[in-house]
Amino acid sequence: MSMNRHTHAQSANHELRRALDLDAEVFGAGLAAALDLSCVTDARVVVDLGAGTGTGSRLLRERFPEAEVIAVDNDPEMLGLLESHGFTSVAADLDQGFPHISEQPVDLVWAASSLHHVTEPAQLLSEIRNALAPRGTLVVVELATLPTFLSAPEHAALEQRCHEAAEAQGWNQYEDWTNTLEDAGFTVTKTAQSTRAPVTAAARENAQHWLARLLRLENLAAEDRAVLTDLVGTSTEDLVLEPRANRIIWVCTAAE
């Protein structure tokens, strides 16, 4: 790899890590509320499936300080980061199935924004079902929509059109996992959740990140692209923000 390509890859990885960390900082209360829905109060072995930078892993360790929290990912750089934060990490390609993680049954599997990346989710879910302890729980979380930030009416309408353009290009695509989860042997409770976040410095930086990302869409109307370009060049201190994330949570227990 040339120096330029190496530098570009490093920059892209740093951007991804920063984006994940910002989403966690801004909308982390929503993830904690999603975990509340599991009603799991005690666990010995907990798995964060598709752990990324460790947002879920940190949440799980805080909630279950006595448990072994195992972070699973296929990115060596992410795994190194997780290990540096003291997590047991497992390198795994989830397209190849659920890895052998522990000699003990797993009490809780947390899969936040990871299941839609799997080529054969039905197979993976069946294997998770078999790995769970009696009364074990799987929590699946997906973003129902891309996060929204702009609250001034004309800007909110623009953001909505950008999200429609993103959907047309296949951003944030996932299934309604209910039937697939039930077919894998789970009893499923599906819940919609909306989280409003305070307008903090992190929220402003996160808004700037998402606006810049939307600007990469190829199918924006020319007028919308021009307005969005102006917004990206505007200080977020001058934007009226109301950060919101909408999620769908499936809490799944092993069917009797």
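Where is the place of Thr178? Thr178 sits in helix H6, where helices (H or I, at least four residues) and strands (E, at least two) are DSSP runs numbered from the N terminus. This is a predicted model, so local features need pLDDT of at least 70 and side-chain atom pairs count only at pLDDT 80 or more, while totals for chains, interfaces and linings use all residues. Residues are numbered from 1 along each chain as its sequence is written, and side-chain values use heavy atoms, with hydrogens and water left out.

**Helix H6**

- Thr178 counts as buried because its relative accessibility is 17%; buried means under 20% relative accessible area, exposed over 50%, and partly exposed in between (1.4 Å probe, protein chains only).
- Setting aside neighbours within four places in sequence, Thr178 is in contact (heavy atoms within 4.5 Å) with Val188, Lys190 and Trp250.
- Thr180 is also found in H6, which covers residues 178-183, and at 16% relative accessibility it counts as buried.
- Not counting residues up to four places away in sequence, Thr180 touches Ala122, Leu125 and Glu175.

**Nonpolar cores**

- A nonpolar core here is a set of buried Ala, Val, Leu, Ile, Met, Phe, Trp, Tyr and Cys residues joined through side-chain atoms within 4.5 Å.
- The largest one has 29 residues, and Leu49, Ile128, Leu138 and Leu181 have the most contacts inside it.
- Among the elements that each supply at least two residues of this core are strand S1 (45-49), helix H4 (121-131), strand S5 (132-143) and strand S7 (186-196).
- Leu181, again leaving out neighbours within four places in sequence, is in contact with Leu125, Leu138, Val140, Phe186, Val188, Trp250 and Cys252.
- There's a second, separate core of 25 residues, including Leu150, Ala203, Ala207 and Leu239.

**H5 against H8**

- Helix H5 (residues 153-168) and helix H8 (residues 222-232) pack at about 115 degrees with their axes 11 Å apart; axes are lines fitted to C-alpha atoms, for helices over the stretch in contact, and angles run from 0 to 180 degrees between N-to-C directions.
- His155, Leu158, Arg161 and Cys162 of H5 meet Asp224, Val227, Leu228 and Leu231 of H8.
- By class, that contact has 5 nonpolar, 1 polar and 2 charged residues (Ala, Val, Leu, Ile, Met, Phe, Trp, Tyr, Cys and Pro count as nonpolar, Asp, Glu, Lys and Arg as charged, and the others, Gly among them, as polar).

**The two sides of H8**

- Asp224, Leu228 and Leu231 are the buried residues of H8.
- Seen down the H8 axis, these residues fall within an arc of 55 degrees, so they line one face of the helix; the arc is that of the directions from the helix axis to the C-beta atoms.
- They pack against strand S6 (148-150), H5 and helix H7 (201-214).
- On the other side of H8, Ala222, Glu223 and Asp230 are exposed.

**Gln193 in S7**

- Gln193 is found in strand S7 and is buried, with a relative accessible area of 12%.
- Beyond its neighbours within four places in sequence, Gln193 is in contact with Gly30, Ala33, Ala34, Ala245, Asn246, Arg247 and Ile249.

**Positive phi outside glycine**

- Cys39 has a phi near 60 degrees, a positive value in a residue other than glycine.
- Cys39 lies in the loop between helix H1 (3-36) and S1 and is exposed, with a relative accessible area of 63%.
- Arg135 isn't a glycine either, yet its phi is positive, at about 65 degrees.
- Arg135 belongs to strand S5 and counts as exposed at 77% relative accessibility.
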